[in-house]
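Student: Before we look at anything in detail, could you show me how to read a sheet and the helices packed on it?

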Amino acid sequence: MYLGIDYWTRNIGVAIAEIGIAIPHAVYDHEEFFIELPELIKKRKIQVIVIGEAIGYDAYGKQKKRFLKAIERIKKTVPDVHIEIQDE
């Protein structure tokens, strides 16, 4: 199972896919997402997290730094799940 994450400044969109097309699951505020993430991973038997990265991020910009911090926090929150970053 795959968990797709669309990381926004104010919210985080989440979709779930077994194969192929992802089905929208929920939109969380940032803190709620990190509280719910471990249970969601366990309940849905997620093996891979795919995080969309907006192509327009400035390599050293504020948004890029937030994005990279979020990825690190996801890794710490669910260390046993493989994470992939995908250009949007």
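Tutor: Strands (E, at least two residues) and helices (H or I, at least four) are DSSP runs numbered from the N terminus, and two strands pair if DSSP finds at least two bridges between them. This is a predicted model, in which local features need pLDDT of at least 70 and side-chain atom pairs count only at pLDDT 80 or more, while totals for chains, interfaces and linings use all residues. Residues are numbered from 1 along each chain as its sequence is written, and side-chain values use heavy atoms, leaving out hydrogens and water.

Student: In what order do the strands of the open sheet lie?

Tutor: The open sheet has 5 strands in the order 3-2-1-4-5, with mixed pairing; its edge strands, each pairing on one side only, are strand 3 (23-29) and strand 5 (82-87). Strand 1 (residues 2-7) pairs with strand 4 (residues 48-53) in the parallel sense over 5 bridges, and Ile5 stands opposite Ile51 in strand 4.

Student: Which residues of helix 1 are buried?

Tutor: Buried means under 20% relative accessible area, exposed over 50%, and partly exposed in between (1.4 Å probe, protein chains only). In helix 1, His30, Phe33, Phe34, Leu37, Leu40 and Ile41 are buried, and these residues pack against strand 1, strand 2, strand 3, strand 4 and helix 2, where contact means heavy atoms within 4.5 Å.

Student: Where does helix 1 kink?

Tutor: The bend at a residue is the angle between axes fitted to the seven residues ending there and the seven starting there. In helix 1, a kink of about 40 degrees lies at Glu36, shortly before the proline Pro38.
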